[in-house]
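I am opening a new notebook page for a structure I have not looked at before. My plan is to start with the overall layout and then to look up single residues one after another.

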Amino acid sequence: MKEQQHEKFMRIAIALSEKNVTEKLGGPFGAVVVKDGKIIARSGNKVTATNDPTAHAEVSAIRLACKKLKTYDLQGCIIYTSCEPCPMCLSAVYWSRIDKIFYANTKLDAAAIGFDDNFIYQEIERPVHQRSLPVSQMLQTEAIQAFHLWEKSEMKVSY
């Protein structure tokens with residue numbers, strides 16, 4: 001794809017982020033998923049509009065793209081996002097198998113206006129027992145049964 005096309009799609013993601021603020025739809029973030037030079041899905045941040053902390057622009061756009069393409073595998077797609085993805089969104093991009101990320105603002109730009117995810121990056125690096133959110137494992141010997149069932153299941157799909 002040519003640089004001009006990349007810029008076109010990025011401008012759409014940026015426009016979504018601005019629209020989200022001016023129309024009071026949510027935070028200043030927008031994302032566009034493209035496949036074969038065509039927009040498959042687009043979304044602004046919907047966290048406050050839907051009371052869903054996972055409804056970031058990237059996650060919302062990925063959900064829409066998967067629904068439209070009827071697959072959880074977005075290989076062959078590119079995501080354009082108005083800001084460098086947070087840890088959750090970056091994970092969603094990896095899990096969806098999107099080929100490439102283009103972003104505009106950085107995580108430092110986001111932190112400067114109150115969207116600071118640095119603590120999450122730090123928490124991930126800490127051993128579970130040293131994280132600020134208390135975590136306790138329980139009933140693992142019972143829960144592992146579902147994994148054993150999955151290993152033998154006919155519907156098992158590697159993803």
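Below are my entries, from the whole chain down to single residues.

**Entry 1, the whole chain.** I noted before anything else that this is a predicted model. I counted the secondary structure and found seven helices and four strands in the protein chain, and when I read along the sequence I wrote the pattern down as α-β-β-α-α-β-α-β-α-α-α. For the overall dimensions I took the principal axes, along which the C-alpha atoms fill a box of roughly 55 × 40 × 25 Å. I then looked up burial and found that buried residues make up 30% of the 159 residues in the chain. The chain exposes about 10900 Å², and carbon and sulfur atoms supply 56% of that area. Of the contacts with a separation of 6 or more, 48% are between residues 24 or more positions apart.

I asked myself which residues lie nearest the centre of the largest pocket. The lining holds 16 residues, and F29, N45, H56, F115 and D117 are the ones nearest the centre. The volume of this pocket came out at about 260 Å³. Sorting the lining by type, I wrote down nine nonpolar, three polar and four charged residues. Helix 3 (57-69) and helix 5 (107-112) each supply at least two residues of this lining.

I looked up S17 and placed it in helix 1, which covers residues 3-22. Is S17 buried or exposed? Its relative accessibility is 9%, and because the limit for buried is under 20%, S17 counts as buried. Leaving aside neighbours within four places in sequence, I found S17 in contact with G27, P28, F29, G30 and S82. F29 in that list had already come up in my pocket entry, as one of the residues nearest the centre of the largest pocket.
I went on to S60, which sits in helix 3, a helix that also supplies at least two residues of the pocket lining. S60 counts as buried too, at 7% relative accessibility. Not counting residues up to four places away in sequence, S60 touches S43, G44, K46 and A55.

Which residues of helix 4 are buried? For this helix, residues 87-96, I listed P87, C89, A92, V93 and S96. These buried residues pack against helix 3, strand 3 (77-83), strand 4 (100-105) and helix 6.
I took S96 for a further look and noted a relative accessibility of 3%, at which S96 counts as buried. Beyond the residues up to four places away in sequence, S96 touches I62, Y72, D73, L74 and Q75. The backbone oxygen of V93 lies 2.9 Å from a polar atom of the S96 side chain, and V93 is itself among the buried residues of helix 4.

Helix 4 is followed by R97, and I found its phi near 70°, a positive value in a residue other than glycine. R97 lies in the loop between helix 4 and strand 4, and at 27% relative accessibility R97 counts as partly exposed.
K24 also went into this entry, with a positive phi of about 55° although K24 is not a glycine. I placed K24 in the loop between helix 1 and strand 1 (30-35). At 76% relative accessibility K24 counts as exposed, because the limit for exposed is over 50%.

With a relative accessible area of 31%, R131 is partly exposed. What does R131 touch, not counting residues up to four places away in sequence? I wrote down E123, I124 and R126. With E123 there is also a polar pairing to record, as the backbone oxygen of E123 lies 2.9 Å from a polar atom of the R131 side chain. Finally, I noted that the C-alpha atoms of R131 and I120, eleven residues apart along the chain, are separated by 9.8 Å.

Conventions: Residues are numbered from 1 along each chain as its sequence is written. This is a predicted model: local features need pLDDT of at least 70, side-chain atom pairs count only at pLDDT 80 or more; totals for chains, interfaces and linings use all residues. Side-chain values use heavy atoms; hydrogens and water are left out. Buried means under 20% relative accessible area, exposed over 50%, partly exposed in between (1.4 Å probe, protein chains only). Contact means heavy atoms within 4.5 Å. A polar contact is a pair of N or O atoms within 3.5 Å; within protein, one must be able to donate a hydrogen and the other to accept it, and residues adjacent in sequence count only if both atoms are side-chain atoms. On a 1 Å grid over the protein atoms alone, a cavity is a set of points where a 1.4 Å probe fits but cannot get out, and a pocket is an open set with protein on both sides within 12 Å along at least five of seven lines; lining residues have an atom within 4 Å of a point. Grid points are joined across faces, edges and corners, and a volume is the space filled by probe spheres set on the points. Ala, Val, Leu, Ile, Met, Phe, Trp, Tyr, Cys and Pro count as nonpolar, Asp, Glu, Lys and Arg as charged, and the others, Gly among them, as polar. Accessible areas come from the Shrake-Rupley method with a 1.4 Å probe; for residues, only the protein chains shown count as cover.
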